[in-house]
Amino acid sequence: MNTMKSYIAKSVDKIPPSGIRKFFDLAANMEGVVSLGVGEPDFVTSWSVREAAISSLERGYTSYTANAGLIELRRAIADYMRERFQAEYDPEQEIIVTSGGSEALDIALRTIIDPGDEIAVVEPCFVSYGPLVQLAGGNVVSIGTLAQNDFKLQPEELERAITPKTKALLICSPNNPTGTQLAREDLIAICDIVKKYDLLVIADEIYAELAYDIPHTSFASLEGMKERTILINGFSKGFAMTGWRLGFTCAPKEISKAMLKVHQYTMMCASTPAQYAAIEALQNGMEYVEEMKNDYRRRRNFFVESLNELGLDCHMPGGAFYAFPSIKGTGLSSEQFAEQLLLSEKVAVVPGHVFGKGGEGYIRCSYASSIEQLQEAIKRMKRFLASL
Ligand code: PLP
């Protein structure tokens, strides 16, 4: 028999496992860890949403739904997108309910990429972007962002990265891991370049509900952009529903029709009870979203101020639940910093380099933890810095 490795596709073999995992695994075997590592809400999904799923099961709704998702849910998503983000979508033809934002990203990329196509990816970014582009046969063109620009994509950098093979820009706002939120005028400047070079935008807006200072602007709401945007969103972050695995895409009819083929052959449909839960989340869950958002804002203010007081320079992130402070002053690499902090003080953070270009010299700290945990983390980080 050949070696096991020889059976594994080269495209899969060459992809490294997620850099975040290594720190989860290390932390999992330790007692008393304060974890700022995970990218998920510490809130439990609201009771009425859980109840809606339970009730759907009691009523025996246990079969497949339409491939694109329950039409009631797609209508609720269309209303939500119109009311919250001024983006108009036809629930019959332009919305697909997916198994999380993750699947939404995957079907978007697999639908548009031909072998060798380039996708311009704004980094530091969510760890899945590069591997998903590669698995779809595309090439990543990384565009780094800098702390001095609050990690905002500079339009001229985008223009420099574009080649005749570039098909789309993949961008996330508010961003994981930097927390950067792009304002309307930032988006407009980016969209001018996108239109000039006739590109698509894959806009990952999964943190849209977690925008603390100014309202979120959706790419799809800007003039002339709906027809060139594949919007990624979902329930994981804003609605505290990570384990339900429910997301959605909004995209022009032709693209949605093509994405539906990929979705249909891989996923068939998203989980049925989760879809019933999501209808309730959209119809009656916005108050809870607001409460969680207000709580995250308080934690952000405390945590980011404390990091700066420790001498770890950190811009004030406009959204998501991540702080991305610089650790350059310590002389350590981000990997060394994260490893030593975990081993000596049992605080888990993620080294910035795992998020791509521009991430080295920073660490990602999720502040989706209680204020007490955040206070404890700051205390331990202070001790760690003093020990260096
Ligand atoms: N996009 C971004 C930017 C994320 O941070 C995440 C999760 O961390 C996802 C997409 C995937 O979300 P989901 O859990 O809905 O698959």
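Which residue in β8 is the bridge partner of Gly-234? In this predicted model, the partner is Gly-247.

Strand β8 covers residues 247-250. Gly-247 and Thr-249 point one way from this strand, while Phe-248 and Cys-250 point the other way. Residues on both sides are buried. Strands of a sheet pair through backbone hydrogen bonds, and the pairing can be parallel or antiparallel.

Strand β8 also pairs with strand β2, residues 95-98. Here again the sense is antiparallel, with four bridges. Within this pairing, Thr-249 of β8 is the bridge partner of Ile-96.

Another part of the chain holds an open sheet of three strands in the order β9-β12-β11, with antiparallel pairing. The edge strands are β9 (322-323) and β11 (350-351), each of which pairs on one side only. Strand β12 spans residues 363-366 and is joined to β11 by two bridges in the antiparallel sense. Pro-351 has Ile-363 in β12 as its bridge partner.

The last stop is the start of the chain. Met-1, Met-4 and Tyr-7 make a nonpolar surface patch of about 440 Å². Met-4 is part of helix α1, which covers residues 4-7. Is Met-4 buried or exposed? Met-4 counts as exposed because its relative accessible area is 57%, and the cut-off for exposed is over 50%.

Technical notes: Residues are numbered from 1 along each chain as its sequence is written. This is a predicted model: local features need pLDDT of at least 70, side-chain atom pairs count only at pLDDT 80 or more; totals for chains, interfaces and linings use all residues. Side-chain values use heavy atoms; hydrogens and water are left out. Buried means under 20% relative accessible area, exposed over 50%, partly exposed in between (1.4 Å probe, protein chains only). Two strands pair if DSSP finds at least two bridges between them. Patches are made of residues with over 30% relative accessible area and no salt bridge: like charges are joined within 9 Å, nonpolar side chains (Val, Leu, Ile, Met, Phe, Trp, Tyr) within 5 Å. Accessible areas come from the Shrake-Rupley method with a 1.4 Å probe; for residues, only the protein chains shown count as cover. A salt bridge is a side-chain nitrogen of Lys or Arg within 4 Å of a carboxyl oxygen of Asp or Glu.
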